[in-house]
Amino acid sequence: MIYDEGFYFGLGAFETIAVEDGIPLFAEAHCNRLREALGFLGIPVPPEASCNVIRREAEQNGSGRSVLKLAVSAGNAVYSRRKNPYGSQDYKKGFSVAFSPILRNETSPFVRYKTLCAGENLWEKRRAAQEGFDEVIFVNTRGELTEGAVTNLFLVRRGEVLTPPASSGLLPGILRRCLLERLG
């Protein structure tokens, strides 16, 4: 491993991709978003971050539901795999949420990308879990809802998708984009 700016300062990007029976869901969209983030950060896209490699890595996850994560910095491209923590039973019972006291800076260009500087999200999600919540919701400096630590916020009512605008300071999620395109 090369200890580069990604290691020391979080200068890099990542994607977390749901995998079902060895097939990465929304693979092209994840590849595109990763390329955009790396371009923003001025990091060349390594061969390990191609859609073909992502599909090959996902196939190694075998059957069932899992998660494939790819983290890329200037000197590293690292894959990791884990079981998908969310099952259909979770969606049936619903999720409990807490609000983070940390405000999102809607003017920061970094909120639009999945950068390696995501410790705030992880820390807040862990804090909320210790208090018995499934997710934590962030609000921006204007008091507007933005997103969860690992989720986008949206409500589908009578076929219409309601979600905070990207200008509120959020990561434009893959599923969010898909819903807006189909139901928007």
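Questions on a predicted protein chain

The secondary structure of the protein chain consists of six helices and nine strands. The model is predicted.

User: What is the radius of gyration of the protein chain, and what would a compact globule have?
Analyst: The C-alpha trace spans about 40 × 35 × 35 Å along its principal axes. For 184 residues, a compact globule would have a radius of gyration near 16 Å. The value for the protein chain agrees with this, at 17 Å.

User: What share of the contacts with a separation of 6 or more comes from residues 24 or more positions apart?
Analyst: A contact here requires heavy atoms within 4.5 Å. Among contacts with a separation of 6 or more, the part from residues 24 or more positions apart is 57%.

User: What percentage of the 184 residues is buried?
Analyst: A residue counts as buried when its relative accessible area is under 20%. The protein chain exposes about 10500 Å², with carbon and sulfur atoms supplying 57% of that area. Of the 184 residues, the buried part is 41%.

User: Which cysteines form a disulfide?
Analyst: A disulfide needs two cysteine sulfur atoms within 2.5 Å, and the count by this rule is one. A disulfide is a covalent bond between the sulfur atoms of two cysteines. The sulfur atoms that pair here are 2.1 Å apart, and they belong to cysteine 31 and cysteine 51.

User: Which helices hold the two cysteines of the pair?
Analyst: The disulfide joins cysteine 31 and cysteine 51. The pair links distant parts of the chain, 20 residues apart. Cysteine 31 is in helix H2 (residues 27-41), and cysteine 51 is in helix H3 (residues 51-59).

User: Is cysteine 51 buried or exposed?
Analyst: The cut-off for buried is under 20% relative accessible area. Cysteine 31 is at 1%, so cysteine 31 counts as buried. Cysteine 51 has a relative accessible area of 10%, so cysteine 51 is also buried.

User: Where is the nearest cysteine sulfur to cysteine 178?
Analyst: Cysteine 178 is buried, at 11% relative accessibility. Cysteine 178 is in no disulfide. The nearest cysteine sulfur is 16 Å away and belongs to cysteine 51.

User: Is cysteine 117 buried or exposed?
Analyst: A residue is exposed when its relative accessible area is over 50%. Cysteine 117 has 55% relative accessibility, so cysteine 117 counts as exposed.

User: In which strand is threonine 146, and is this residue buried or exposed?
Analyst: Threonine 146 lies in strand S7 (residues 145-148). Its relative accessibility is 0%, so threonine 146 counts as buried.

User: What is the phi of aspartate 21?
Analyst: Most residues other than glycine have a negative phi. Aspartate 21 lies in the loop between strand S1 (12-20) and strand S2 (23-24), and is exposed, with a relative accessible area of 52%. Although aspartate 21 is not a glycine, its phi is positive, at about 50 degrees.

User: What is the phi of phenylalanine 26?
Analyst: Phenylalanine 26 is found in the loop between S2 and H2. At 41% relative accessibility, phenylalanine 26 is partly exposed. Phenylalanine 26 is not a glycine, yet has a positive phi of about 55 degrees.

Terms used
Residues numbered from 1 in each chain as written. Predicted model: local features only at pLDDT ≥ 70, side-chain atom pairs only at ≥ 80, totals over all residues. Heavy atoms only, no water. Helix = DSSP H or I, 4+ residues; strand = E, 2+ residues; numbered from the N terminus. Buried < 20%, exposed > 50% of the residue type's maximum accessible area, 1.4 Å probe, protein only. Rg over C-alpha atoms; globule rule 2.2 N^0.38 Å. Areas by Shrake-Rupley, 256 points an atom, 1.4 Å probe, with all protein chains shown as cover.
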